[in-house]
Amino acid sequence: MNKIRLAVIFGGKSTEHEVSLVSGSAVINAADKEKYDIVPVGITKAGEWRLYKGLEGASGAAFDSAIQAIKTGKWTADSEPIDPWKLPEICDFALPILHGKNGEDGTIQGLFELLGIPYGGCGVLGSATAMDKTVAKKIFESEGLRQAPYVDFTSAEIGQSVIERINRELKYPLFVKPVNLGSSVGITKVTEPEELLPAIEYAKGFDRRFCVEQAVNKARELEISVMGNDDLFLGRVGEIVPRQAFYTYDAKYNDDSSELLIPAPIGPDEEWKIRKMASAAYKALGCCGFARCDFLMDGDTHDIYINEINTIPGFTEISMFPKLCIAAGMTYPQVIDRIVELGYERYNAENNR
Ligand SMILES: Nc1ncnc2c1ncn2[C@@H]1O[C@H](COP(=O)(O)OP(=O)(O)O)[C@@H](O)[C@H]1O
Ligand SMILES: [Mg+2]
C-alpha cells in the first residue's frame, strides 16, 4: 500500500503560533511512519508558507532534533517557500494543527475545499461556528444547552447603554472576551463594575466583537474529546485544576503546575450529562472529524454549563485532547489515524465517491 503523504501544517499567523509549533511537532513525532510520509508545512508569523526540509530522510537522533527544531521555532532556517495553491502537488491529505485565527476558524479549511483535497477535522462551517463564541452561544441556546448568561456586542456599540445592560442583566464577577480568540488571549475576569470598561477596552485590542459572560460559581473545568462525523466516539471527561486565578494562557502552555485529572472525579450521571451535552453541541455547530468540548461545573450545585468547543485543541504530549482519547482506549498514533480516516470519509461523502 502506498503511504499517504500527510501534510501536517503548523505555526500560523495567530496569537497561538508557538502553541501550534508544540502541537504540530507532537503530531509529527507520533504519526505512524509506516502509514504516512510526513510533509511538514510551517506557516510563519508573517503568513508565509514554507516546507521544512529537516525531516527528509531523518531517523534516530536527527529525527529527534528535527522535531525539536519545529517545536522551538528553529525550523525556518532549513525550509523553502511553497505556494499554498500547489499543496495538492506535495500531499494527499492536509492536517492543520493550527490554533485560532486563520487556522481554526474555517479560513484554511476553505482553502482546502478550493484545492479539492481531503483534510482533518472540522469543515468550514463547524470551524467558523465553534470559533465565534457569540455565534456558538446562540446555537447552544437554540439546543437548550445550559450556559452562563451573557451579553454580546460589537466595538461600535461600546458605550453607556451596553455597560448598563451588562450591569442590569449579569451578576459579577464577569468574564470579558473577544469572540474570536483562543488560549485565554484578551480575556479578563472582572470583579467590580469599575473594571468593566477597561477590560472591554483591552479586549478591543484583539477583536471587534465581544461577549461578556457571568462567571460560573467556583467553576470546575471539565473537558471531553469527541471524534466522528456521524457516529460519535466520546473520550473520557477530564478536569483541569489551574493553579492561577483562571485558566490563562500561561497556565495552559508555560506553566505545567496546572493539574489534569483523567478521568475527572465526577459522578457517572455527571459524566453522562457531559457526554450528552457534548454530542448535541458538536452536532449543532456542524462539527466533524474531532473537537474538544469544554464545560464549567458549578462547584457547589454541580450544575453543568457548556463553555465552548475547540475544533483544533492542543495536541502536545501534555494536552487534554489526546490524553482523553488515550484514557478511552486509543493510542496517540491511532488518534491521528482516526482523524485521517474521518477526513477521507467526509471527503468521499461530500464528493460522491
Ligand atoms: N463564565 C465563566 N465562568 C468561569 N470561568 C470562566 C468563564 N468563562 C471563562 N472562564 C475561564 O476563562 C478561561 C478561558 O475562557 P474560554 O471561554 O475558554 O476562552 P478560550 O477560547 O480563550 O479558551 C476558561 O478556561 C475558564 O478558566
Ligand atoms: Mg477555553
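Residues are numbered from 1 along each chain as its sequence is written, and chains are lettered from A and ligands numbered from 1 in the order in which they are written. Because the model is predicted, local features need pLDDT of at least 70 and side-chain atom pairs count only at pLDDT 80 or more, while totals for chains, interfaces and linings use all residues; side-chain values use heavy atoms, with hydrogens and water left out.

**Nonpolar cores**

A nonpolar core is a set of buried Ala, Val, Leu, Ile, Met, Phe, Trp, Tyr and Cys residues joined through side-chain atoms within 4.5 Å. Buried means under 20% relative accessible area, exposed means over 50%, and partly exposed lies in between (1.4 Å probe, protein chains only). In soluble globular proteins, nonpolar side chains tend to be buried together.

The largest nonpolar core here has 35 residues, and L6, M227 and F315 have the most contacts inside it. Two or more residues of this core come from each of β1 (4-11), α1 (17-30), β2 (36-43), α2 (60-71), β5 (93-96), α11 (320-327) and α12 (332-350). Such helices (H or I, at least four residues) and strands (E, at least two) are DSSP runs, numbered from the N terminus. Helix α12 gives the largest share of the core, 6 residues. Another core, of 27 residues, lies apart from it and includes A136, V226, Y282 and C287.

Which residues does F315 touch, not counting residues up to four places away in sequence? The list is S23, A26, V27, I97, F290, F321, P322, Y332, V335 and I339. Contact here means heavy atoms within 4.5 Å.

**Cavity and pocket**

Both kinds of space are found on a 1 Å grid over the protein atoms alone. A cavity is a set of points where a 1.4 Å probe fits but cannot get out, and a pocket is an open set with protein on both sides within 12 Å along at least five of seven lines. Lining residues have an atom within 4 Å of a point. Grid points are joined across faces, edges and corners, and a volume is the space filled by probe spheres set on the points.

The count comes to 1 cavity of 30 Å³ or more. The largest cavity has a volume of about 70 Å³. Its lining has 11 residues, and E104, M131, E308, I309 and N310 lie nearest its centre. Elements α5 (124-131) and β14 (304-310) each give two or more residues to this lining. By type, the lining of the largest cavity divides into 4 nonpolar, 4 polar and 3 charged residues. In this count Ala, Val, Leu, Ile, Met, Phe, Trp, Tyr, Cys and Pro are nonpolar, Asp, Glu, Lys and Arg are charged, and the others, Gly among them, are polar.

The second largest pocket holds about 290 Å³ of space. It is lined by 16 residues, of which D37, I38, V39, L55 and E56 lie nearest its centre. Strands β2 and β3 each give two or more residues to the lining of this pocket, and β2 gives the largest share, 5 residues. The lining of the second largest pocket divides into 11 nonpolar, 1 polar and 4 charged residues.

**Salt bridges**

The structure holds 23 salt bridges, a salt bridge being a side-chain nitrogen of Lys or Arg within 4 Å of a carboxyl oxygen of Asp or Glu. Three of them are set out here.

| Pair | N to O distance |
|---|---|
| K53 and E80 | 3.7 Å |
| R346 and E113 | 3.8 Å |
| E169 and R165 | 3.2 Å |

K53, in the loop between β3 and α2, and E80, in strand β4 (residues 79-81), are 27 residues apart. K53 is partly exposed, at 25%, and E80 is partly exposed too, at 35%.

R346 in helix α12 and E113 in helix α4 (residues 107-115) are 233 residues apart, and the pair links distant parts of the chain. Is R346 buried or exposed? R346 counts as buried because its relative accessibility is 10%, whereas E113 is partly exposed, at 40%.

E169 and R165 both lie in helix α7 (residues 160-169), 4 residues apart, about one turn of the helix. D32, K35 and D337 are linked in a network of salt bridges.

**A loop residue**

G47 lies in the loop between β2 and β3 (49-52). G47 counts as partly exposed because its relative accessibility is 26%.
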